[in-house]
Amino acid sequence: MGAARFLPRKVWRQWRRADELRAGPHAAATEAAARRFLLLGLLPLWVVPGLTDWWMHRRTGIERTSGTKESVVHALMMTEVGVPVLMGLLARVNPLVLTTMGAAAVAHGATALYDVSLATGEREIRPVEQHIHSFLEVLPLTALAFTACLHPDQVRSTLRGGPHPQDWRLLPKERPLPAAYLAGLAGVIGLGVVVPYAEELRRCLRARPGV
């Protein structure tokens, strides 16, 4: 309403309609393509920069420099990413899930900033590693954006404060994702993220003085 005071009423009404911005006749195909990109592209390929970053940590001898404290921060960032991803895969997307995703993305960004400040001066951070960090920092926001585009009704409900009781409950998906897909994704994440970073933490713990 406040914007209407500064705009002619006719312009304001035309802007509110914005027919050209509404979903067109190919909206269903666009939605399907976005869903495939999110599930079959973005989530599995997330492993690639994560695994590359692990290799950079190993190459610069994290166990002999910043050690366990930085490796624990890496585990924290994986948790900040893993929890909302798990919710998005298994639970119905509603204001609770969207809010969790948004809060986790902000927390992940703040933790990433702390991670770099912690490592700076302790070990060599090469330009390529900084570039990898750029990918890792933007991916949670990208996943959130795609999820929001796929569920505009839930975005509107979130902006209204979630007026319905089910908006703030963790509910199973009405149409669960195929078990084969979930198992395959879990295998990719396990082998490409969990195992390497567990190895990193183990290596750091074993290299501590007096251990």
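I take contact to mean heavy atoms within 4.5 Å.

Notes on the source. I am reading a predicted model, where local features need pLDDT of at least 70, side-chain atom pairs count only at pLDDT 80 or more, and totals for chains, interfaces and linings use all residues. Residues are numbered from 1 along each chain as its sequence is written, and side-chain values use heavy atoms, with hydrogens and water left out.

Next I listed the elements, taking helices (H or I, at least four residues) and strands (E, at least two) as DSSP runs numbered from the N terminus. I found eight helices and zero strands.

I then looked up burial, where buried means under 20% relative accessible area, exposed over 50% and partly exposed in between (1.4 Å probe, protein chains only). Of the 211 residues in the chain, 38% are buried.

Last, I looked at helix H4 (residues 67-90) against helix H8 (residues 179-206). Their axes, lines fitted to C-alpha atoms over the stretch in contact, with angles from 0 to 180 degrees between N-to-C directions, come within 9 Å and cross at roughly 165°. That makes H4 roughly antiparallel to H8 (under 35 degrees is roughly parallel, over 145 roughly antiparallel, 65 to 115 roughly perpendicular, the rest oblique). The contact residues include Met-78 and Leu-89 of H4 and Tyr-197 and Glu-200 of H8.
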